[in-house]
Each structure stands twice: as C-alpha cells, then as structure tokens.
Amino acid sequence: ASATNTSVPSDLDGKYHEKLNYARDLIDTYKPQEALDYLLDLKKRIWSKANDRVKFRITANIGASHLSLGNDKEAAKHFIEAHQYEKSEKSWSNLALGYLLLNDLVEAGKAAREVIKINPANEGAYSILIQVIGDKTPLEKVIKEIPKARRSLAQVMSAFGHVALKQGKYTEAIEWTKKSLEEKEVNDKGIETRLQLASTLLESVLQGKSLAES
C-alpha cells in the first residue's frame, strides 16, 4: 500500500468527500453513466492533491459505476486497484467482488473471509463466499458451511438461490430468492433480487417446470 498522503488540508479533503458523496448518490439513483463521467472528471482535477482515502473512494466508485453499467471487467479492475489505498471492511468487500467478477474464486474466497473477520455480520461477504463454495459443492452442504445465525440474511438467502439456480435446483432457487425478496423489501426495493427471481422462473419454464407460476 502506498503511504498515506497528508498534504491535503482537512477543509479541502472534506469538500472532496462531499463531491464523492454526490457521485455515490448518482449511482444509488441509477444514473451510473452520469456518475462515471463526473468521477473521471473529478479524478483528473484532484488526483495529484488527494490523500489515500479520497483516492480509494474515487477508484471504488468508478468501479461501482462500471458495475452498474454492466462493465464487469472494468469494475473488477477498479475494485482491485482501490484496495492499495485502504485496508477496511469496504475495501476487502470490493476486492472480493472484483475477484468474483473475474471468476478468480480462490482470491474472492480469501478476501471474503477477511471481511468476515472484520465484521461477522457482513451480508455481502457471505454472499460471495456462498458463490465460491457453491461452484463445486452441493447446495445442502453450502448451507451447512454458513452459520445458522446468518442464513436468514437477505443477501445470504439470495446467494443460496443463485447457487441453487446454477445447480438446476429450481424449486429451491425460487424458494430462497422469494425469502430474500421478502426480507429485502423491509429496507429497499430489492430490484436485483426481483431480477434473480424472474430469471429463475424463466429458466424453470425453459426446463419444463411450472408455466402457471412463472
């Protein structure tokens, strides 16, 4: 990791974070291209003066913008690059996701376990770990690998559904994804989970399962 740059005055540093919060809001409100353009312009203007925390946020949010645009390889590249500027729960989470996007399951699993060491309740880390384990392990064994207290987390249940779908277990995939959606709707719209449910139901139809429900 590069040494922390302390040359940026705290008031200027605060202004940078305000700009980055604006970029994050654009991503969260489904305006990733606008966010990406904004972040690339911001990077050109302030990179040489930014400290490591600001560089981490710029790079990670560029990655998040690419992810929302469906540019998985670019997203992975920036998530992995960002890790050199900060070693935190968020940074390890992004690193795990970056490696998962590149299908580097060994490194994704290592990074996800680092996140869980920092925060044993991190849903995203368990979600990635489930997908890593589930690549070669039957669903029922994957479930047993996850602590009982974490199995009812929304992202965990969604990951169970994802693994079940990959393994052709459509009934289990539908059940787990629906449970995840019910849990998610307490806090958000569950858009990604709805897409997963739609994909699961469609795949079920294509494999000759229940047409009525799908």
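A residue is partly exposed when its relative accessible area falls between the buried limit of under 20% and the exposed limit of over 50%. I jot that down because Tyr 38, with a relative accessible area of 24%, is partly exposed by this rule. I also note that the model I am looking at is predicted.

I started with the secondary structure and found 11 helices and 0 strands. Reading from the N terminus, I get α-α-α-α-α-α-α-α-α-α-α. Next I looked up burial: of the 214 residues in the chain, 43% count as buried. I then turned to contacts between residues at least 6 apart in sequence, and 51% of these join residues at least 24 apart. The chain exposes about 11700 Å², and carbon and sulfur atoms supply 51% of that area.

**Entry: aromatic pairs**

How many aromatic pairs does a search of the whole structure find? My search came back with 3. One of them joins Tyr 22 and Tyr 38: I read 5.0 Å centre to centre and 70° between the planes, an edge-to-face pair. This pair links distant parts of the chain, as Tyr 22 sits in helix H1 (residues 10-28) and Tyr 38 in helix H2 (residues 32-46), 16 residues apart. Is Tyr 22 buried, partly exposed or exposed? I find 38% relative accessibility for Tyr 22, so I log this residue as partly exposed.

Another of the pairs is made by Trp 47 and Tyr 85, again edge-to-face, with 5.7 Å centre to centre and 80° between the planes. Here too, distant parts of the chain are linked: Trp 47 belongs to the loop between H2 and helix H3 (52-68), while Tyr 85 belongs to the loop between helix H4 (72-82) and helix H5 (89-101), 38 residues apart. Tyr 85 has 14% relative accessibility, which is under 20%, so I mark it as buried.

**Entry: lysines over rings**

I stayed with Trp 47 for a moment. Which residue lies over the face of Trp 47? I found Lys 43 there, at 4.8 Å from the ring centre. I also noted Lys 179 over the face of Trp 176, at 4.8 Å from the ring centre.

**Entry: a patch on the surface**

Last, I went over the surface. Tyr 30, Ile 191 and Leu 195 form a nonpolar patch, and together they have about 330 Å² of accessible area. I placed Leu 195 in helix H11 (residues 191-206). Why do I call Leu 195 exposed? Because its relative accessible area is 55%, and exposed means over 50%.

Methods
Residues numbered from 1 in each chain as written. Predicted model: local features only at pLDDT ≥ 70, side-chain atom pairs only at ≥ 80, totals over all residues. Heavy atoms only, no water. Helix = DSSP H or I, 4+ residues; strand = E, 2+ residues; numbered from the N terminus. Buried < 20%, exposed > 50% of the residue type's maximum accessible area, 1.4 Å probe, protein only. Contact = heavy atoms within 4.5 Å. Areas by Shrake-Rupley, 256 points an atom, 1.4 Å probe, with all protein chains shown as cover. Patch = residues over 30% accessible without salt bridge, like charges linked within 9 Å, V, L, I, M, F, W, Y side chains within 5 Å. Salt bridge = Lys/Arg side-chain N within 4 Å of Asp/Glu carboxyl O. Phe/Tyr/Trp six-rings, centres within 6.5 Å; stacked < 30°, edge-to-face > 60°. Lys NZ or Arg CZ within 6 Å of the ring centre and 35° of its normal.
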